[in-house]
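Thanks for coming. Please look at the sequence and the model on the screen while I talk.

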Amino acid sequence: MANILKGKKIVLGITGSIAAYKSCLLIRELIKRGAEVQVVITPAGKEFITPITLSALTGKPVISEFFAQRDGTWNSHVDLGLWADALLIAPATASTIGKMANGVADNMLITTYLSAKAPVFVAPAMDLDMFAHPSTQKNLDILRSYGNYIIEPGTGELASHLVGKGRMEEPENIVRHLEMYFAAKEGELVGKTIMITAGPTYEKIDPVRFIGNYSSGKMGFALADECVSRGAKVILIAGPVQQTTYFPMAQYIQVESAGNMYDAAGAFWGSADAAILTAAVADYTPEHVADEKIKREKTGEMILALKPTQDIAAFLGKQKNKANNRKQVLVGFALETNNELLNAEEKLKRKNLDFIVLNSLNDKGAGFRHDTNKISIIDDKGKVDYPLKSKAEVAVDIVDHLVKVLKQAE
């Protein structure tokens, strides 16, 4: 996934809340993603966590007062505000939120906040009654009106369901908010809508049986997260899978059958700049679906009459570039067991794809259910082979190629 926070300068404000211990986890997550962190702590915050602990994690002296105690060096809140790419206050107590809303500049953190040019993210932390109090809610509304981002506990698509209102949101979700912000501002796919199909389809035989395949959806979900990390709006259409994405999708449509997926893909294709068709869609579906469970003792030998499903890639290929007078990019997948290159090249042309991703069940560690994949990308310029990698790394290679093709299409 794109390393969104690499090189970002984050001022982390810590206030006097019992949740201050979570700031250590927050710092670790930020630094792990390549961010540079400068802690500014309020006097009350030092009652809950020691500056030496925070300094050891960030590799920087913790700033608390306007003047350093040892040598009288002045800490410039103005310089801090200009240095930062983002100001994150977590945990933010009711007292600090009130001071921020009303400009009460009585400590280093609030003066830094008032001088900051960077986006400000606030993660409230207090008991439920304090959080629900009209004065706290009013102050939060004021901060929103100033353009600050409030990471409310236990709410929203990124929130942990284990965190109730009032408690500080979990560090990994707070970091995700920052990643989403920077991806939406700076990513290569900002302004692009990408439709992705993923997983298997189930074709019903009766209420309890179906024809399916071994697709786990891992490749499609990795691609969805990679596209979001580069700023794209992603429409994810997924068959029956157990996967979840790291980022929330613009739209997530769950389907079961090839017919369901065909309808959903057709409905959203007109609004997409590109589609990546990773789903392992059934080629055939039963002509008749029994209303009740078929009993073996009644039927004996059973013969299933199958009919072809509608070809999603071929349909989208025919409709390509017809909507909104823009050029669309269509990416297909080919999972082959023999004559891999020949079959993939034929599919590329027949379905009007811009490029096709080929993998083979003959390659160890590639294909269904694995966390790794080995691919080749084929287009009208030729074929590029890639070594065995994690599916997250494979997603990077595919999206890198997609970005190039989209730029050429502009």
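Of the contacts (heavy atoms within 4.5 Å) in the protein with a separation of 6 or more, 66% are between residues 24 or more positions apart. This is a predicted model, in which local features need pLDDT of at least 70 and side-chain atom pairs count only at pLDDT 80 or more, while totals for chains, interfaces and linings use all residues. Residues are numbered from 1 along each chain as its sequence is written, and side-chain values use heavy atoms, with hydrogens and water left out.

The protein has 14 helices and 19 strands; these are DSSP runs, numbered from the N terminus, with helices being H or I of at least four residues and strands E of at least two. There are 410 residues, and 52% of them are buried, meaning under 20% relative accessible area with a 1.4 Å probe, protein chains only. The C-alpha atoms fill a box of roughly 85 × 55 × 40 Å, taken along the principal axes.

Now the helix pair. How do α1 and α2 cross? The axes of α1 (residues 22–32) and α2 (residues 51–58) come within 10 Å and cross at roughly 10 degrees; axes are lines fitted to C-alpha atoms over the stretch in contact, and angles run from 0 to 180 degrees between N-to-C directions. That makes α1 roughly parallel to α2, a term for angles under 35 degrees. On the α1 side the contact uses S23, C24, I27 and I31, and on the α2 side T53, L54, L57 and T58.

Methods: Angles under 35 degrees count as roughly parallel, over 145 as roughly antiparallel, 65 to 115 as roughly perpendicular and the rest as oblique. Buried means under 20% relative accessible area, exposed over 50%, partly exposed in between (1.4 Å probe, protein chains only).
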